[in-house]
Amino acid sequence: MRVPVRRGVAVAAVLALIAGLVLLLTRPGTEGPACTGRTIGSWSAESRYTGEFTRYGNDNLRVDDWTGGDGTHSVRLPDGRTLWIFSDTFLDRVQPPPNPHGQPYPWRSSDTGREPALTHNSLVVMDRAGRLERTLTGGTGTGPGPFFPDTPDGWRWPVQAHVEPRTPGSPEQVVRVLLWNRAPGSGPWVFGVPRATEIATLSLPDLRLEGITPAVDQTSVRNPGDRVLYGTASVRDGAWTYVYGGDDGPDRAGSNAYLARVPTGQLGEARTWQFWDGRGWQPRADRAAPVIREGRGRGVGSAFTVVRDGGTWVLLTMDDPGPPGDGLSAVTAYWACSAQGPWHGPAGRITPPRPADPTGQQRVAVYNPQAHPEFTADGALLVSYDVNWLGPPGAPSVAQVNRDVELYRPRFLRLRLHRG
């Protein structure tokens, strides 16, 4: 039998229930702080880290070490060092200005007369005091090569990394690095066709590559634009490590964001990976559903970053490209109360500084914003972003970034997130 209730009494009961829930979420000692909205707040250029990569890239103490790169990620090691992880990397020598075209820029050359070497990845070690000290590459018969070796028909780009036990419960630690396995392509796939996410294991403290194992194979997905590579962002949260990924369809303005989770400490165990399908977690990658879907002013870039700020999850990504000829230039944010969302935004927009275009064409782009929470200071998050010269279709950027080395190096800023 249904008992009639006066409307005013029902409303009062609902308000009391809501008040109780608010108190529960904010009371000290309960599970986690309350989640509130976030937007990009104040920011400033961070000269210390930008300057340190300039110093190291220009020092010429060796000509087989890092002089420029993109895909900037980092992980703090147990002994206090920091491992910086790069995708495409230039080596060789940096010459003082003017460059051969009479322009006032430091430029890159090779002592052998060939074009400066470009390798698909490298690692750079920073000491405990914050000074970059050495570059790790792989050896080939003709000189330095990628630290994570190329495949017979493609290459690997490293992304996120975590320090984990060698096996669950083991006191011995290793570094797990997520890798994107890509194959050569043409036309819209000039930056490679996505194939798989892999996991590399590095020993500690000597950072020796021990092996590479598959994590999420996407080669069975017929349309390369629907293949999801994981590792553009990752967050360790209690019992789980959440690993974000995206697709890379060339016919879309942006990408869709996806999410996997792995029991903390088991990134290298492919059988433990689970994927968000829109309603829950399951082991089949082919049933994953976007947590942010591209379209109607929403979507992410092919590279983005995610951090926790109190009880709120925050995602930073490139905003839509600017006016014609201006390329990628602005960073925006989304926020959520759980790893899978729902995600709100975009919220806020900043345009970080970039070098002048030596060609006068406004083709210098910024991309790949990445948070480095291990370097948070006074509540301000350290964020890197990559810089490149993106010419018109068919115009390679190599010549321009060799004429001005600052066109292919990370830059840094300090970012404060505001409630809103």
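Strand 27 and strand 28 (residues 411–419) run antiparallel and are joined by five bridges. Strands here are DSSP E runs of at least two residues, helices are H or I runs of at least four, and both are numbered from the N terminus. Two strands count as paired if DSSP finds at least two bridges between them. The model is predicted: local features need pLDDT of at least 70, side-chain atom pairs count only at pLDDT 80 or more, and totals for chains, interfaces and linings use all residues. Residues are numbered from 1 along each chain as its sequence is written, and side-chain values use heavy atoms, with hydrogens and water left out.

## Strand 27 and its neighbours

Tyr385 has Arg411 of strand 28 as its bridge partner. Strand 26 (residues 364–371) also runs antiparallel to strand 27, through six bridges. There, Ala371 stands opposite Val383 of strand 27.

Nine of the nine residues of strand 27 (residues 381–389) are buried, so the strand is largely enclosed by the rest of the structure. Buried means under 20% relative accessible area, exposed over 50%, and partly exposed in between (1.4 Å probe, protein chains only). In a regular strand the side chains alternate between the two faces of the sheet. Here both faces are covered. Leu381, Val383, Tyr385, Val387 and Trp389 are buried on one side, and Leu382, Ser384, Asp386 and Asn388 on the other.

The loop between strand 27 and helix 3 (398–403) holds Leu390. Leu390 is partly exposed, at 36% relative accessible area. With Val190 and Phe191, Leu390 forms a nonpolar patch on the surface, with about 300 Å² of accessible area together. Such patches take residues with over 30% relative accessible area and no salt bridge, joining nonpolar side chains within 5 Å and like charges within 9 Å. Areas come from the Shrake-Rupley method with a 1.4 Å probe. Ala395 lies in that loop between strand 27 and helix 3 and is partly exposed at 30%.

## Cores

A nonpolar core is a set of buried Ala, Val, Leu, Ile, Met, Phe, Trp, Tyr and Cys residues joined through side-chain atoms within 4.5 Å. The largest has 24 residues, of which Ile40, Leu316 and Leu415 touch the most other members. Strand 23 (312–318), strand 24 (331–336), strand 26, strand 27 and strand 28 each give two or more residues to this core. Strand 27 gives the most, with five residues. Leu415 has contacts (heavy atoms within 4.5 Å) that include Ile40, Trp43, Leu316, Leu381 and Val383. Apart from this core lies another of 19 residues, among them Val159, Tyr230, Trp273 and Ala288.

Five strands form an open antiparallel sheet in the order 17-18-19-20-21. Its edges are strand 17 (229–237) and strand 21 (281–282), each pairing on one side only. Seven bridges join strand 17 to strand 18 (residues 240–246). Ala233 has Tyr244 of strand 18 as its bridge partner.

## Salt bridges

The whole structure has 20 salt bridges. Each is a side-chain nitrogen of Lys or Arg within 4 Å of a carboxyl oxygen of Asp or Glu.

| Asp79 | Arg81 | 2.8 Å |

Asp248 lies in the loop between strand 18 and strand 19 (257–263) and Arg182 in strand 14 (residues 173–183), so the pair ties together parts 66 residues apart in sequence. Arg182 is buried at 4%, whereas Arg271 is exposed at 67%. Arg166, Glu172, Arg208 and Glu210 are linked in a salt-bridge network.

Terms used. Lists of a residue's contacts leave out its neighbours within four places in sequence.
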